[in-house]
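Dear colleague,

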Amino acid sequence: MAAHTTEQFNLFMSQLRETNATLDFYCDFPKIAKNVADIEISLNTLNYIIGKENLREAVEALWNRDPRVFDVMDILIATRKSANMKYLEDDGTIHPVHSLFSSVDGVMKFIEGTGLDKVFKNKEVKDLVDYVFGVETGLDTNARKNRSGNITETLVGRIFTNAGIVYREQVSSKEFPAISAVLGADQKVFDFAISAKGKTYLIEVNFYSGGGSKLNEVARSYTDVAPKVNGIPGFEFVWVTDGIGWNSARNKLEEAFAAIPSIYNLTTISEFISKIK
């Protein structure tokens with residue numbers, strides 16, 4: 001017998017939200033500020049180059065004082081040393097961008113090859129600290145995908161807290177020998193664990209604003225995990241998921257919806273809270 005009816009599934013789909021993004025989702029300014037602060041002294045020193053007509057002379061002056069200041073120049077073209085970005089030479093050889101910062105000639109090749117020489121000479125940038133703050137803000141958009149999952153977990157945690165529900169986060173299945181035994185090699189770290197009314201609820205939370213093969217994999221995985229967890233007395237698997245990305249994996253989600261008794265979205269999570277209170 002299916003865990004839910006077709007009508008219930010259609011209602012679930014109609015409730016899916018377009019986004020879970022709060023305003024603090026878009027930029028992690030504390031992290032951005034820290035990244036800038038870590039190299040601020042070097043950036044301030046490199047400000048010496050700005051406006052100089054003879055850039056090589058200015059670079060040599062800084063090099064003779066402290067060549068380490070040039071180690072941060074990757075960020076001026078929106079890359080990081082850790083990314084190990086490479087460039088192609090005219091002779092067809094390939095080298096790491098960061099290798100250019102080991103000599104004055106290399107630094108000049110970097111400045112002139114990237115076009116930074118014109119930026120510096122024309123004073124198109126007035127202060128490299130402010131400039132890099134902007135660069136870091138742009139690079140931070142790459143982290144939004146990771147923050148999306150964290151935002152949903154934070155949101156659900158806040159909902160539990162406001163409802164007076166005590167929960168634990170990031171709970172390993174290995175804490176529960178019976179669960180660990182049935183999962184075998186597929187050990188999991190559940191987003192939340194709640195003990196209420198003589199039962200432990202192991203909860204997974206996610207949100208998908210866009211489609212992709214991952215949605216099918218997630219639905220398939222939880223369809224497999226849920227009966228294993230639910231087959232152990234005193235345990236129940238709960239899945240809280242949302243996002244219009246599921247429209248692209250509707251069939252696979254419907255299969256999961258028919259197999260998993262406790263599946264909720266951000267609208268129906270109130271039903272789960274009523275159940276355990």
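What pLDDT does the chain average, and what share of the residues score at least 70? The chain averages a pLDDT (the predictor's confidence in each residue, from 0 to 100) of 94, and 98% of the residues score at least 70. Confidence is lowest in helix H8 (residues 144-162), with a mean of 84, and highest in strand S6 (residues 235-242), at 98; helices (H or I, at least four residues) and strands (E, at least two) are DSSP runs, numbered from the N terminus.

This is a predicted model, in which local features need pLDDT of at least 70 and side-chain atom pairs count only at pLDDT 80 or more, while totals for chains, interfaces and linings use all residues. Residues are numbered from 1 along each chain as its sequence is written, and side-chain values use heavy atoms, with hydrogens and water left out.

Helix H2 (residues 29-38) and helix H7 (residues 128-140) have axes that come within 9 Å and cross at roughly 135°, the axes being lines fitted to C-alpha atoms, for helices over the stretch in contact, with angles from 0 to 180 degrees between N-to-C directions. H2 is therefore oblique to H7 (under 35 degrees counts as roughly parallel, over 145 as roughly antiparallel, 65 to 115 as roughly perpendicular and the rest as oblique). Residues of H2, including Phe 29, Ile 32 and Val 36, meet residues of H7, among them Val 129, Phe 133 and Asp 140, where contact means heavy atoms within 4.5 Å.

The structure holds 18 aromatic pairs, that is, rings of Phe, Tyr and Trp (its six-membered ring) with centres within 6.5 Å, where planes under 30 degrees apart count as stacked, over 60 as edge-to-face and the rest as tilted. One of these pairs is formed by Phe 29 and Phe 133, which are stacked at 6.2 Å centre to centre with 10° between the planes. This pair links distant parts of the chain, since Phe 29 lies in helix H2 and Phe 133 in helix H7, 104 residues apart.

Helix H4 (residues 55-65) packs against helix H5 (residues 104-114) at an angle of about 135°, with their axes 10 Å apart, which means that H4 is oblique to H5. On the H4 side, Leu 55, Arg 56, Val 59, Glu 60 and Trp 63 meet Val 104, Asp 105, Val 107, Met 108 and Ile 111 in H5.

Best wishes
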